[in-house]
Number of protein chains: 2
Amino acid sequence: MTSDPPRGRRGRPRDASLDVRVLEAARQLLVERGFEATTVQAIAERSAVHASAIYRRWPSRIEIIEQAVFPGLAPVTVRPTGDLPRDLRRFIRAYAATMAGPAARAAVPGLLAVYQSTGRANAAQTWFAVSARPQFLDILQAAPPGGVDPAVDPDDVFDTLLGCVLARTLIPTVAQRNRPLERLVDICLRLLLPVTMDVRA
Amino acid sequence: MTSDPPRGRRGRPRDASLDVRVLEAARQLLVERGFEATTVQAIAERSAVHASAIYRRWPSRIEIIEQAVFPGLAPVTVRPTGDLPRDLRRFIRAYAATMAGPAARAAVPGLLAVYQSTGRANAAQTWFAVSARPQFLDILQAAPPGGVDPAVDPDDVFDTLLGCVLARTLIPTVAQRNRPLERLVDICLRLLLPVTMDVRA
């Protein structure tokens with residue numbers, strides 16, 4: 001409905017409203033009928049977009065589901081301020097909220113199963129695992145000099161955060177402890193800030 | 001084959017070899033045919049144990065799968081020595097090895113999907129999420145006085161470890177980084193040891 005539609009990867013005008021309808025249909029199906037039932041055919045019926053048009057945009061239902069449930073963490077794409085605790089808190093809230101939504105909860109176990117069975121090379125290119133890492137690293141980059149322990153690998157801290165969010169979202173005994181998100185901020189800060197450890201033998 | 005077999009929950013003599021055959025059949029099916037195909041019927045056929053005998057022992061295939069892939073972390077049931085880094089290292093190696101086996105890799109995404117759909121109350125009683133926590137807490141208890149920061153919640157550290165192991169096992173971009181397990185030991189120690197944090201604004 002726009003007068004100047006964005007162009008698709010084949011250089012033809014691309015109707016962005018089709019993308020929105022397809023992704024919304026995928027989210028609805030995930031919540032109502034689950035991961036396995038969220039097929040391209042079901043998405044086509046629900047969105048009233050022809051399957052051939054869907055396949056022109058996405059190679060399979062997996063990429064649709066990934067894009068539908070992890071839509072780029074928009075709330076944290078704002079620039080980091082350099083205030084590390086504040087930036088981390090904002091990032092972690094947005095990240096955890098994305099993972100805890102009903103469509104993501106329905107999708108993630110199924111995606112994890114697919115990643116195990118299709119081999120890692122393909123899966124590593126997926127949206128899921130890479131989406132928020134650069135934003136996290138940007139936040140650390142923006143911290144004042146000496147604000148982050150140079151002995152710490154920032155990717156290790158991101159992997160830890162990813163695992164913590166996954167566990168709080170998907171594992172009942174962790175979810176039931178219902179710990180405030182602020183604990184996750186504390187854990188990340190403890191891993192990132194320069195410290196003097198007191199090891200007693 | 002023992003002269004004094006253990007008694008089942010209905011007070012009758014229980015043939016432990018049936019349990020072993022059922023659990024081994026479940027592990028084989030998980031690796032060969034995947035989570036969905038690991039049904040009670042398939043387990044009965046593979047193990048040559050009648051389905052009715054299986055249902056006398058387990059309420060559903062889910063409990064069989066949990067017991068089959070998380071058999072109690074036997075290697076770490078040895079008593080903690082009080083040497084926190086050494087005990088943690090031994091625990092983390094055993095825990096990560098349990099989760100990374102082919103049967104567990106095939107089972108965990110499916111179990112996570114079931115936990116989302118069956119409600120948390122049941123799922124929280126499952127083997128999966130609770131099995132190793134008491135052993136982890138025992139290790140911290142055995143540390144010398146002052147060896148663990150009293151401000152730290154040990155359950156938070158266990159949840160973090162659980163999430164990290166889950167992420168390294170199941171998420172391709174984390175698995176591909178192929179970080180040594182020693183980094184997980186470092187992360188746990190950094191969260192547990194008394195520290196002085198150097199916050200620079």
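A:Thr39 is partly exposed, with a relative accessible area of 29% (buried means under 20%, exposed over 50%, and partly exposed in between, using a 1.4 Å probe and protein chains only). This residue sits in the loop between α1 and α2 (40-47) of chain A. Here helices (H or I, at least four residues) and strands (E, at least two) are DSSP runs, numbered from the N terminus. The model is predicted, so local features need pLDDT of at least 70 and side-chain atom pairs count only at pLDDT 80 or more, while totals for chains, interfaces and linings use all residues. Residues are numbered from 1 along each chain as its sequence is written, chains are lettered from A and ligands numbered from 1 in the order in which they are written, and side-chain values use heavy atoms, with hydrogens and water left out.

**Around A:Thr39**

- Along the sequence, A:Thr39 and A:Ala26 are 13 residues apart, and their C-alpha atoms are 8.5 Å apart in space.
- UniProt lists residues 39-58 of chain A as "DNA-binding region", in an unreviewed entry; such positions are given in the numbering used here, feature names are shortened, and annotations may be inferred rather than shown by experiment.
- That span, residues 39-58 of chain A, is 75% helix and 0% strand, and its end C-alpha atoms lie 12 Å apart.

**Chain A as a whole**

- Chain A contains 12 helices and 1 strand.
- If you read along the sequence, the pattern is α-α-α-α-α-α-α-α-α-α-α-α-β.
- Chain A has 201 residues, and 50% of them count as buried.
- Among the contacts in chain A with a separation of 6 or more, 65% come from residues 24 or more positions apart (a contact means heavy atoms within 4.5 Å).
- The accessible surface of chain A is about 9500 Å², and carbon and sulfur atoms account for 54% of that surface; accessible areas come from the Shrake-Rupley method with a 1.4 Å probe, and for residues only the protein chains shown count as cover.

**Helix α1 of chain A**

- Helix α1 (residues 16-33) of chain A has 18 residues and reaches 25 Å from its first C-alpha to its last, close to the 26 Å expected at 1.5 Å a residue (the expected span is 1.5 Å times one less than the number of residues).
- The buried residues in α1(A) include A:Leu18, A:Val22, A:Leu29 and A:Leu30.
- Seen down the axis of α1(A), the buried residues fall within an arc of 155°, so they line one face of the helix; the arc is that of the directions from the helix axis to the C-beta atoms.
- On the face of α1(A) turned away from the buried side, you will find the exposed residues A:Val20 and A:Glu32.
- After α1(A) comes A:Gly34, which has a positive phi, near 95°.

**Helix α9 in chains A and B**

- In helix α9 (residues 133-141) of chain A, the buried residues are A:Arg133, A:Gln135, A:Phe136, A:Ile139 and A:Leu140.
- These residues cover an arc of only 165° around the axis, which puts them on the same side of α9(A).
- In helix α9 (residues 133-141) of chain B, the buried residues are B:Arg133, B:Gln135, B:Phe136, B:Ile139 and B:Leu140.
- The buried residues of α9(B) fall within an arc of 165° when seen down the axis, so they line one face of that helix.

**Loops to look at**

- Most residues other than glycine have a negative phi.
- A:Ala48 has a positive phi, near 60°, although this residue is not glycine.
- A:Ala48 lies in the loop between α2 and α3 (51-57) of chain A and is exposed, with a relative accessible area of 62%.
- A:Asn178 is another residue other than glycine with a positive phi, near 55°.
- A:Asn178 lies in the loop between α11 (172-177) and α12 (181-192) of chain A and is exposed, at a relative accessible area of 64%.
- A:Arg79 belongs to the loop between α4 (61-69) and α5 (84-100) of chain A, and this residue is exposed, with a relative accessible area of 73%.
- The C-alpha atoms of A:Arg79 and A:Gln135 are separated by 8.8 Å, with the two residues 56 apart along the chain.

**Cysteines**

- The structure holds 0 disulfides over all chains (a disulfide is a pair of cysteine sulfur atoms within 2.5 Å).
- A:Cys188 is in no disulfide, and the nearest cysteine sulfur, that of A:Cys164, is 7.0 Å away.
- A:Cys188 is buried, with a relative accessible area of 3%.
- The sulfur of B:Cys164 lies 5.7 Å from the closest cysteine sulfur, in A:Cys164, which is too far for a bond.
- B:Cys164 is also buried, with a relative accessible area of 6%.
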